[in-house]
Amino acid sequence: MERHRGVESLYLASARRFAAPVRGVALVVISSFALLSVPSSALPLGLGLFALMLAGAAVDWCSGLTGRAPALASGFAVVRVVAVCATQEWTGGPPNLWALNTLTTTAITLQWEWPPAITVPVTAGLLAMNLAATGADGAEVLVPRLVFECLLARLGFVLLRRSGRRTDALRERRAALERTEALSLARHRQEREYLALLHDTAAATFLMVAVQGEGADPQQVAAYARRDLTVLTGAAGGATAQDSPVDLAASLHAVAARSRVHVEVVEVHQRNEAQVYERNEGQDHERAGCVPASVALAFVRAVREALVNVERHAGVDTATLGMTLGQVRVTVEVSDHGAGFRPDDVPLFRRGIRASVVERLATVGGRVTVRSHPGGGTTVRMEWSGDE
């Protein structure tokens with residue numbers, strides 16, 4: 001769950017988790033050196049205070065590691081300060097460094113655990129208690145030092161917290177931009193698919209009627225219109241909800257069988273470096289080359305459009321559909337020996353093969369190459385690789 005938390009919340013949790021253990025270790029180290037300067041007559045008192053520091057460090061560590069009882073740990077910290085400051089007259093004489101360092105270390109770490117509404121009165125009370133034990137001696141040094149160190153600790157805490165907050169805001173803004181970009185890309189792809197469908201269906205039928213005029217066969221136009229309506233209304237099927245594997249060869253055989261031109265299907269199956277060549281129409285054999293459903297749909301629509309182009313523009317009634325089917329790579333070619341054209345001379349506003357074939361394969365990670373010249377026929381080569 002922590003990976004979903006913001007930087008600010010992680011920083012606050014870390015500060016509150018480690019402040020008490022840091023205080024516990026620091027006070028034990030300070031007390032270890034201070035114990036060396038305690039007069040021999042007050043050594044039992046010094047050892048008792050050191051034992052109190054060890055017990056307090058244990059409470060600090062338990063609180064930091066478990067996240068429980070932070071008030072108990074802070075209360076124990078206040079008790080340690082009071083004990084050391086109240087007895088400094090016997091442990092080295094007021095003022096002494098053991099009391100001073102214990103007070104400042106506790107005041108600093110409290111800034112990381114509690115808000116100012118708590119730390120200010122607690123720190124002021126500890127300072128007043130220490131001054132009561134030592135009198136006015138050293139007040140001109142202790143008060144500015146304590147105020148400066150507490151302000152510095154609070155300032156560092158606030159700046160780091162604001163930095164974490166800004167980082168969270170930047171991350172949220174970046175995530176929002178990524179979501180917007182993904183939505184825009186999905187919408188753009190949907191629009192391109194819609195335009196490609198329009199070209200494949202209604203626009204192509206209207207163009208045929210406009211070109212042929214009164215010579216158009218009404219029954220043929222009606223058949224085209226029915227097919228266009230079926231595709232546009234979704235009755236012919238669309239993208240699958242789950243991108244499950246689909247037998248591409250079987251899907252393309254179905255497209256070839258429904259085409260109005262005679263299609264010769266040529267398959268090349270690649271299995272473990274061995275190739276089996278099969279030339280047929282409708283043979284019952286095992287086919288390799290399963291691809292995700294979205295990829296199969298793109299190939300089906302692209303091949304169907306290529307065959308429609310053969311029917312309407314090539315001036316021939318036969319075409320060849322070649323398939324090279326491997327475990328991770330698929331190549332499909334639609335070729336004819338018809339009129340051909342110059343691909344570079346096609347205007348940019350003509351969507352044709354560019355939208356219905358090239359862009360359609362590009363949306364699923366495929367690529368298309370068109371080879372054609374006047375009088376030399378046309379070959380549309382479509383490739384997709386699952387390892388890219």
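**Exercise 1. Determine how helix 1 and helix 5 are oriented relative to each other.**

Solution. In this predicted model, local features need pLDDT of at least 70 and side-chain atom pairs count only at pLDDT 80 or more, while totals for chains, interfaces and linings use all residues. Residues are numbered from 1 along each chain as its sequence is written, and side-chain values use heavy atoms, with hydrogens and water left out.

Step 1. Two packed helices are described by the angle between their axes and the distance between the axes. Axes are lines fitted to C-alpha atoms, for helices over the stretch in contact, with angles from 0 to 180 degrees between N-to-C directions. Helices (H or I, at least four residues) and strands (E, at least two) are DSSP runs, numbered from the N terminus.

Step 2. The axis of helix 1 and that of helix 5 (residues 97–113) come within 9 Å and cross at roughly 175 degrees.

Step 3. Angles under 35 degrees count as roughly parallel, over 145 as roughly antiparallel, 65 to 115 as roughly perpendicular and the rest as oblique. Helix 1 and helix 5 are therefore roughly antiparallel.

Step 4. Contact means heavy atoms within 4.5 Å. Residues of helix 1 in this contact include Arg16, Arg23, Leu27 and Ile30, and those of helix 5 include Trp98, Leu110, Trp112 and Glu113.

Step 5. By class, the contact of helix 1 with helix 5 has 10 nonpolar, 6 polar and 3 charged residues. Here Ala, Val, Leu, Ile, Met, Phe, Trp, Tyr, Cys and Pro count as nonpolar, Asp, Glu, Lys and Arg as charged, and the others, Gly among them, as polar.

**Exercise 2. Find and classify the aromatic pair.**

Solution. Step 1. A search of the whole structure finds 1 aromatic pair. Tyr11 and Phe157 form this pair, with 5.7 Å centre to centre and 40 degrees between the planes.

Step 1. Rings of Phe, Tyr and Trp (its six-membered ring) pair if their centres lie within 6.5 Å; planes under 30 degrees apart count as stacked, over 60 as edge-to-face and the rest as tilted. The pair of Tyr11 and Phe157 is tilted.

Step 2. The pair links distant parts of the chain, as Tyr11 lies in helix 1 (residues 7–36) and Phe157 in helix 7 (residues 139–212), 146 residues apart. Phe157 is buried, with a relative accessible area of 6%.

**Exercise 3. Which residues touch the most other members of the largest nonpolar core?**

Solution. Step 1. A nonpolar core is a set of buried Ala, Val, Leu, Ile, Met, Phe, Trp, Tyr and Cys residues joined through side-chain atoms within 4.5 Å.

Step 1. Of the 35 residues in the largest core, Leu248, Leu252, Phe299, Val303, Leu321, Val332 and Met382 touch the most other members. Elements giving two or more residues to this core include helix 9 (248–258), helix 10 (293–314) and strand 5 (318–325). Helix 10 gives the most, with 11 residues.

Step 2. Beyond its neighbours within four places in sequence, Leu321 is in contact with residues including Leu252, Val263, Val303 and Val332. A second, separate core of 24 residues includes Leu27, Leu35, Leu142 and Leu146.

**Exercise 4. Locate Val261 and Ala69, and state whether each is buried or partly exposed.**

Solution. Step 1. Val261 is in the loop between helix 9 and strand 2. With a relative accessible area of 6%, Val261 is buried. The C-alpha atoms of Val261 and Ala319 are separated by 6.9 Å, although these residues are 58 residues apart along the chain.

Step 1. Ala69 is in the loop between helix 2 (43–66) and helix 3 (70–86). Ala69 is partly exposed, at 41% relative accessible area. Its phi is near 50 degrees, a positive value in a residue other than glycine. Most residues other than glycine have a negative phi.

Terms used:
Buried < 20%, exposed > 50% of the residue type's maximum accessible area, 1.4 Å probe, protein only.
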